[in-house]
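Please look at the sequence and the structure shown here before reading on. The paragraphs that follow lead through the structure step by step.

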Amino acid sequence: MAETLSESPDLLSSAETPEVAAPYLSEVTAEPAEVFEHVAEAEIEAPTAEDHEALTMVAQAAAQPARGEVLEPLKSHEIIQLLLMIDTKLDENRDRELNPGQPMPLQPEVSGDYDYRMAA
Amino acid sequence: MSFWTATRKLITGTELKQRAPRSRSKLTLRDLIRRESAIGSQLFGQVPAGHRREFFYLDSHTWVWYEEWLDQSGKRQELTTRYEIHPNGVLKVQDGQPYAVVEGEELENLFLAIRMYYDRTSREIYKRDPLTQQSILA
């Protein structure tokens, strides 16, 4: 195994944007089959309307510049839903650029943001 | 008429010529990824001398962090880390290593980096508001 990022000299300590530290690389211990054992089926219940509203608000906040912003701690499953949503929006940005003039898929009727359930 | 358009007209007496639309169709996905990665590589601070860094969204909920540097003996070292976003968790895999679940601080840092990536690429490459995805070109 090559040198890891956490061992690489000056790599992580060089960050000049303190609001984002590089993702550190923790020990890799899990076997492939074990990876999702403790998150299997993940206790992720179907989102309620309140969940949806809260996630939409968080997503709107997430789309704003992070500098100087104080966010309430997010739960892991909220972060994951937001990451899936952001990925989908990145795909949309690329699709628009590569296929100008092509109609985009129907957008959900959620004010200002994407329905995370469609991205999941 | 915008302030700058009006100012130009006042100074030069002429209207600003309409620019020909940029031909976007010639761009490839690779081009876009390269542009995005140029931004992604900046999200973690200045890249140390002798290092090369890439951080970009590949596709299908997969992110790539590539780092290349010279070790003390001058030998080139490289490390590719792939993050896969799944509905029930984020997985990380490195060359020759088994998958690992990304949790805690690492997950939060990855989230912050991806947020900034989306925000900056939307504004700087795609010229769109990251929240509404509406064009920000005047």
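Which residues form one aromatic cluster? The cluster is formed by Phe44(B), Phe55(B), Tyr57(B), Trp63(B), Trp65(B) and Tyr117(B). Residues are numbered from 1 along each chain as its sequence is written, chains are lettered from A and ligands numbered from 1 in the order in which they are written, and side-chain values use heavy atoms, with hydrogens and water left out.

The confidence of the prediction comes next. The pLDDT is the predictor's confidence in each residue, from 0 to 100. Chain A averages a pLDDT of 59, and 25% of its residues score at least 70. Over residues 1–33 of chain A the pLDDT is below 50, although the model gives this stretch 83 contacts beyond near neighbours in sequence; a contact means heavy atoms within 4.5 Å. Residues 38–44 of chain A also stay under 50, and for them the model has eight contacts beyond four places in sequence. Where pLDDT is low, the predicted coordinates should not be read in detail.

The elements of each chain can now be described. Helices (H or I, at least four residues) and strands (E, at least two) are DSSP runs, numbered from the N terminus. Chain A has three helices and zero strands. Chain B has three helices and five strands, and from the N terminus on its elements run α-α-β-β-β-β-β-α.

How much of each chain is buried? A residue is buried under 20% relative accessible area, exposed over 50%, and partly exposed in between (1.4 Å probe, protein chains only). Buried residues make up 40% of the 120 residues in chain A, and 45% of the 138 residues of chain B. In chain A, residues 24 or more positions apart account for 59% of the contacts with a separation of 6 or more. In chain B, 19% of the contacts between residues at least 6 apart in sequence join residues at least 24 apart.

In soluble globular proteins, nonpolar side chains tend to be buried together. A nonpolar core is a set of buried Ala, Val, Leu, Ile, Met, Phe, Trp, Tyr and Cys residues joined through side-chain atoms within 4.5 Å. The largest such core here has 30 residues, and those with the most contacts inside it are Leu83(A), Phe55(B), Trp63(B), Val90(B) and Tyr117(B). At least two residues of this core are supplied by each of α2 of chain A and β1 (52–59), β2 (62–70), β3 (76–86) and α3 (104–124) of chain B. Apart from this core lies another, of five residues, among them Leu27(B), Leu32(B), Ile39(B) and Tyr126(B).

Trp63(B) counts as buried because its relative accessibility is 0%. Not counting residues up to four places away in sequence, Trp63(B) touches residues including Asp87(A), Leu90(A), Phe55(B) and Tyr117(B).

The aromatic cluster may now be considered again. Rings of Phe, Tyr and Trp (its six-membered ring) pair if their centres lie within 6.5 Å; planes under 30 degrees apart count as stacked, over 60 as edge-to-face and the rest as tilted. The structure holds six aromatic pairs over all chains. The rings of Phe55(B) and Tyr117(B) have centres 6.1 Å apart and planes at 85°, so this pair is edge-to-face. The pair links distant parts of the chain, with Phe55(B) in strand β1 and Tyr117(B) in helix α3 of chain B, 62 residues apart. Both Phe55(B) and Tyr117(B) are buried. Tyr57(B) and Trp63(B) form a tilted pair, 5.2 Å centre to centre with 45° between the planes.

Finally, two polar residues may be examined. Arg120(B) lies in helix α3 of chain B and counts as partly exposed because its relative accessibility is 22%. A polar contact of 3.0 Å joins the side chains of Arg120(B) and Gln42(B); a polar contact is a pair of N or O atoms within 3.5 Å, where, within protein, one must be able to donate a hydrogen and the other to accept it, and residues adjacent in sequence count only if both atoms are side-chain atoms. Glu84(B), in strand β3 of chain B, is joined through its side chain to that of Arg82(B) by a polar contact of 2.8 Å.

Conventions
This is a predicted model: local features need pLDDT of at least 70, side-chain atom pairs count only at pLDDT 80 or more; totals for chains, interfaces and linings use all residues.
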